[in-house]
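Hello,

Here is the structure I promised to pass on. Please open it alongside this note; what I found follows below.

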Amino acid sequence: MLLVVTYSRRARETLRNACRSHEGTVVRRFGRAALLRETEYGAFLACRLRERHAGDVQVQRTEPFNEFADVPDAVREAAVAYARRDSPHTPYDRFAADTDHPDASEMRGSEL
């Protein structure tokens, strides 16, 4: 998908109008941003916005997040166990201490 973010009132208005006129290309709209289908027409709309508003429009390509393909099993299992913990106020570091669950600081430093 293509993420289009606008940074001016005029760019937001143009994005809003484009989203209304081309609903089939819009996946989701979030105020000053929108996700467009990654089609040539979605790219056309994004490029048109960039051409018209230059630096007031940012376009990024996004990739879907597949937790089963992208996340190590240990991290996914830790997330499930933490969500199901007995005490909802237990911080993750205390929850993971003395278990096989990964350390929070290790996860912060590890890229997917």
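Helix 1 crosses helix 2 in a right-handed sense. This comes from a predicted model. The two helices pack at an angle of about 155°, and their axes lie 11 Å apart. An angle over 145 degrees counts as roughly antiparallel, so helix 1 and helix 2 are roughly antiparallel to each other. Helix 1 brings Arg10, Ala11, Thr14 and Leu15 to the contact. Helix 2 brings Leu49, Arg52 and His53.

Helix 1

Helix 1 has 13 residues. From first C-alpha to last it reaches 18 Å, close to the 18 Å expected at 1.5 Å a residue. Which residues of helix 1 are buried? They are Ala11, Thr14, Leu15, Ala18 and Cys19. These cover an arc of only 135° around the axis, which puts them on the same side of helix 1.

The face of helix 1 turned away from the buried side carries the exposed residues Arg9, Arg10, Arg20 and Ser21. Note that Arg10 also takes part in the contact with helix 2.

Helix 2

Helix 2 covers residues 40-53, which makes 14 residues. At 1.5 Å a residue these should span 20 Å, and the end C-alpha atoms are 20 Å apart, so the two values agree. Buried here are Gly42, Leu45, Ala46, Leu49 and His53. They cover an arc of only 95° around the axis, which puts them on the same side of helix 2. Among the elements that cover them are strand 1 (2-6), helix 1 (9-21), strand 3 (33-36) and strand 4 (57-61). The face turned away from the buried side carries the exposed residues Glu40, Cys47 and Glu51.

Leucine 45 is worth a look. It sits in helix 2. Is leucine 45 buried or exposed? Its relative accessibility is 3%. Buried means under 20%, so leucine 45 counts as buried. Setting aside neighbours within four places in sequence, leucine 45 is in contact with His22, Thr25 and Leu36. The C-alpha atoms of leucine 45 and leucine 15 are separated by 8.9 Å. Along the chain, those two leucines are 30 residues apart.

Two positive phi values

Most residues other than glycine have a negative phi. Which residue follows helix 2? Alanine 54 does, with a positive phi near 45°. Alanine 54 has this positive phi although it is not a glycine. It lies in the loop between helix 2 and strand 4. At 44% relative accessibility, alanine 54 counts as partly exposed.

Aspartate 98 also has a positive phi, of about 60°, and is not a glycine. Its place is the loop between helix 5 (92-96) and helix 6 (104-109). With a relative accessible area of 84%, aspartate 98 is exposed.

Best wishes

Note on methods. Residues are numbered from 1 along each chain as its sequence is written. This is a predicted model: local features need pLDDT of at least 70, side-chain atom pairs count only at pLDDT 80 or more; totals for chains, interfaces and linings use all residues. Side-chain values use heavy atoms; hydrogens and water are left out. Helices (H or I, at least four residues) and strands (E, at least two) are DSSP runs, numbered from the N terminus. The expected span of a helix is 1.5 Å times one less than its number of residues. Buried means under 20% relative accessible area, exposed over 50%, partly exposed in between (1.4 Å probe, protein chains only). The arc is that of the directions from the helix axis to the C-beta atoms. Contact means heavy atoms within 4.5 Å. Axes are lines fitted to C-alpha atoms, for helices over the stretch in contact, and angles run from 0 to 180 degrees between N-to-C directions. Angles under 35 degrees count as roughly parallel, over 145 as roughly antiparallel, 65 to 115 as roughly perpendicular and the rest as oblique. A crossing is left-handed if the near helix is turned anticlockwise from the far one by less than a right angle, and right-handed if clockwise.
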